[in-house]
Amino acid sequence: MAGNFDEIAAQALEEGRTYLMEHESKRILMDVGLETTGAHLASSADDAVRIANQLGYPVVLKVLSKEVIHKSDAGGVRLNLQGAEAVRSAYHEMEKIFRERGMIGVSVQRMASPGIEVIIGVTRDPTFGPVLMFGLGGVFVEILRDVSFRSIPISEEDAESMIREIRGYPLLRGYRGISGDIDAIKSILLRVSDLVEKHSIIKEMDLNPVFVYTMGYTIADARIILDSSSPSPAAMHPQSAGDLKGLFYPQSIAVIGASNTKGKLGWNVFYNLLTHGYRGRLYPVNPNAAEVQGVKAYPSIRDVPEPVDVAVVLVPAGMTPQVVQDCCAAGVKYIVVESAGFAELGDEGKRIEREILSIVRRHGCRLLGPNCSGIINTNCGVVESIGVVDELNRGNVGLIAQAGVYAAGYLWGLRKVLDFGIIATIGNKLDLNETDMLEAIGMDENIDVVCMYLEDVKGGRRFIDVAREVSKRKPIVVLKTGRTEAGKKAVSSHTASLAGNDQIYSAVFKQAGLIRARDNDHMFALARAFSKQPLPINDGVFVISYAGSLGVAAADAIVMNGMRLAELSPDLKEELRSVLPKYVSGMNPVDFTFDQTPDQVRRTIEIAVKSEDVGSFIVIIQTEMLGAYIDTLRSIDYRGRPILAVVASKEFVIEDTIKMERAGIPVYSTPEQAAEVLGAMWMYRKERR
């Protein structure tokens, strides 16, 4: 098979073509075991008639040209030809149209039996490399863009989920006597994935249409686009950064540019390290000071008498290469460049970055930044932030952010309701990037949930591999900005025209088991629940409310998020009736109206928690009564079930909201928010299991 592909591709490139004609494409597909309608080359009308007679009628003629890629659009396809005269006439018509456009003949093939039309294709994404697409054909792809994507290579589970997630899946599964062979579609997807993985020269591919039957399929048309400059698989799989424990748990830190002037960044960073309980050795570096904030200072990193694990650099961009060189010469393992003024400001900054990268690569050091805000690790008192940080609690949430200001802004407020363990800001990610941070934080036993704020991704395939492994152990919630497209480059295939960059990111996140957040509020709403509560034990939710309308809203939202209302057994219903007021008739949701009290809620939960059908709880509380519920809800044994609280206008009782959050119970403003979070938690549990 490899020989056939290499031979066909080499001939096309030698002729100056970057695409394979249909008969060439189908030959390659048949070599890997895929069923097609065939494509027999006819270089004359007589050849076309002879081949058609051998195949049997009806047949299809398609122009073969070194210049025409889109045959249908150019009028180069004749369908349902029923006899020799029709074939001869069609050939001559095409000859008149395409004689001066590189026509070498026509492809003669049997007319495919009608079935469910699907499209399968490949495009090459600049971040993630080759990407596989699947969707229903015809109007579904042209108008509705009902397609799914996955990064190549795919697994059998990926193929299954690609098929299931399109809106047209019910038609394939079976509708009014029509159905498609789903196992056959999976086979095509897996074989195409394998073909493209083995041949990185394939840039794009369209199999369109593919007719799927109740049993089997046939590929009616095929197009393969080549690009000899396509990156090799190795380029999409950069090497791991290795063990970064010394970056996150350093025994010694030097701050180059440490200052005695309050308000300067060098003052802020050194002050943070002094005041947050860091127990390692601290070395301020300042050539103009004997000491900084009471600690002996050194004129250069070369003058520090002991080995340094991490050097935080806060000097102007133009001075940074020399400082980085000094750090490497002094044996510093990790360099954190927090200074700005690099690639984000133009060509000169890019030149400085290239010089810095050359230095660290030459010496085998690792560099974080530039233009970042360093690392915060509350588990060992490391706070390298360029802004002064108030008191922090030890936490179990990891946050990876490209923007240091972003991380600092959310840390200031969220630290009251969310305990961060590690915050890693990566800035321009000249060396270390988001995947390196994710790999390191994913292995950290102090971190239970990871949040990521991303603008883009480097080394896309490695990102998928690392994220997939980490997500098996702990949830990863991702907020990816830059969702809209300012424009689209010219493309050669239908698949590429459908592959929006943001859609690719969503598909890749799903493939890797990540949870995609809509916005900051959504990301941290998920993080609060994942970090404080266990996962639902099943999809049954028990709702307690003080208002019937809110209970109904919760019930609707629960169903819309892939869960259901739990059902109590008859004996538990009877037990519950004995503690409910007579006017309460519903058993789930339980609506206490405005007479709801903390003790009523406690007794109700203690009964419901006995049910194996109850997998989680939502408790809706009167805003002005929130404070009275804190101790009660904190004291209940939920037997491994999560509980989420709903408090309308919670911002107006913020002190009590913070107390409830500190008690380990996340508080949301609406039933819909709580149900959405529970739905994400349940989906994560199902996928991990």
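Helices in these legends are DSSP runs of H or I with at least four residues, and strands are runs of E with at least two, both numbered from the N terminus. The views that follow are all taken from a predicted model.

**View 1. Helix α10 and the residue that follows it.** Let us start with the helix spanning residues 265–275, α10, where Gly266, Trp267, Asn268, Val269, Phe270, Asn272 and Leu273 are buried. These buried residues pack against a series of strands: β12 (252–256), β13 (281–285), β14 (291–292), β15 (295–296), β16 (310–313) and β20 (382–383). Just past the end of α10, look for Gly277, whose phi is positive, at about 80°.

**View 2. Helices α11 and α12 side by side.** Here α11 (residues 320–329) meets α12 (residues 347–363), their axes coming within 9 Å and crossing at roughly 5°. The two helices are therefore roughly parallel to each other. On the α11 side, the contact is made by Thr320, Pro321, Val324, Gln325 and Cys328. From α12 come Ile352, Glu355, Ile356, Ile359, Val360, Arg362 and His363. Sorted by class, the contact has 7 nonpolar, 3 polar and 2 charged residues.

**View 3. An antiparallel sheet of 4 strands.** The strands of this open sheet are arranged as β2-β5-β3-β4, and the pairing is antiparallel. Since β2 and β4 (77–81) stand at the edges with a single partner strand each, one side of each is left without a neighbour in the sheet. From one strand to the next, the twist averages 30°.

**View 4. Strand β5 and its partners.** With 6 of its 8 residues buried, strand β5 (residues 103–110) is largely enclosed by the rest of the structure. Strand β2 (residues 40–42) runs antiparallel to β5, joined to it by 3 bridges, and His40 stands opposite Val108. Strand β3 (residues 59–65) is likewise antiparallel to β5, with 7 bridges between them. Two handy landmarks along this pairing are Lys62, which stands opposite Ser107, and Ser65, which stands opposite Met103. Helix α3 (residues 45–55) lies across β2, β3 and β5, and runs at about 15° to β5.

View 5. Our last stop is the loop between β21 (397–401) and α13 (404–414), where Gln402 has its place. Buried means under 20% relative accessible area, so Gln402, at 8%, counts as buried. Its side chain reaches the backbone nitrogen of Glu455 at 2.7 Å. Setting aside neighbours within four places in sequence, Gln402 is in contact with Ile426, Gly427, Lys429, Glu434, Tyr453, Leu454, Glu455 and Asp456.

Methods. Residues numbered from 1 in each chain as written. Predicted model: local features only at pLDDT ≥ 70, side-chain atom pairs only at ≥ 80, totals over all residues. Heavy atoms only, no water. Axes fitted to C-alpha atoms, helices over the stretch in contact; angles between N-to-C directions. Parallel < 35°, antiparallel > 145°, perpendicular 65-115°, else oblique. Contact = heavy atoms within 4.5 Å. Nonpolar A, V, L, I, M, F, W, Y, C, P; charged D, E, K, R; others polar. Buried < 20%, exposed > 50% of the residue type's maximum accessible area, 1.4 Å probe, protein only. Polar contact = N/O pair within 3.5 Å; in protein donor to acceptor, adjacent residues only side chain to side chain. Pairing = 2+ DSSP bridges.
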